[in-house]
Amino acid sequence: MKKVDIFTDGACKGNPGPGGWAALLRMGAHEKELSGGEAETTNNRMEMTAVIRGLSALIEPCEVQLYSDSKYVLDGITKWVEGWQKRGWVTASKKPVRNADLWHELIEVAGRHEVNWHWVKGHNGHPENERVDKRASDEADRIAAEA
């Protein structure tokens, strides 16, 4: 099974507002950068989109080391999602799960791979995190300028 590192980040100018996402995929010496944005979104949706797009770019099942500075994404996929599924996609406080559409998509794409989830402290000098942070922020600025 191929081994891939994926670094992701999302950004939003206002929350909600124009947002951007970025993912850096690395397999050995090969790298691929992906990015995009939406005119009206939230930071959490952009963080999730970055992870979904990164994992979706993999053509075959891979062993993935995935790095994100989003506790929301990492806690959601590793701790909360099982309870949400059992309760019919409502939170412990009986409210509908936010971003359920993206959680469903994330569960599906992550299920194709062996994913090891890693939290990275944001804005702390981690080279790949800084790189995807800048790319996501640039995408959010680009979308905001087009509005």
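Author: Let us begin with one pair of side chains in this predicted model. The side chains of glutamine 65 and histidine 118 form a polar contact at 2.6 Å.

Reader: Which cut-off makes that pair a polar contact?

Author: A polar contact requires a pair of N or O atoms within 3.5 Å. The pair formed by glutamine 65 and histidine 118 lies at 2.6 Å.

Reader: Where in the chain is glutamine 65 found, and is the residue buried or exposed?

Author: Glutamine 65 belongs to strand β4, which spans residues 62–68. Buried means under 20% relative accessible area; glutamine 65 has 19% relative accessibility and therefore counts as buried.

Reader: Which residues does glutamine 65 touch, leaving aside those up to four places away in sequence?

Author: They are Val4, Asp5, Ile6, Asn116 and His118.

Reader: How many helices and strands does the chain have, and what pattern do they follow along the sequence?

Author: There are four helices and five strands, arranged in the order β-β-β-α-β-α-α-β-α. The radius of gyration is 15 Å, close to the 15 Å from the globule rule for 147 residues, so the chain is as compact as a globular protein of that length.

Reader: What share of the residues counts as buried, and what share of the contacts with a separation of 6 or more joins residues 24 or more positions apart?

Author: Of the 147 residues, 47% count as buried. For the contacts, the share is 65%.

Methods. Residues are numbered from 1 along each chain as its sequence is written. This is a predicted model: local features need pLDDT of at least 70, side-chain atom pairs count only at pLDDT 80 or more; totals for chains, interfaces and linings use all residues. Side-chain values use heavy atoms; hydrogens and water are left out. Helices (H or I, at least four residues) and strands (E, at least two) are DSSP runs, numbered from the N terminus. The radius of gyration is taken over C-alpha atoms; the globule rule is 2.2 Å times the number of residues to the power 0.38. Buried means under 20% relative accessible area, exposed over 50%, partly exposed in between (1.4 Å probe, protein chains only). Contact means heavy atoms within 4.5 Å. A polar contact is a pair of N or O atoms within 3.5 Å; within protein, one must be able to donate a hydrogen and the other to accept it, and residues adjacent in sequence count only if both atoms are side-chain atoms.
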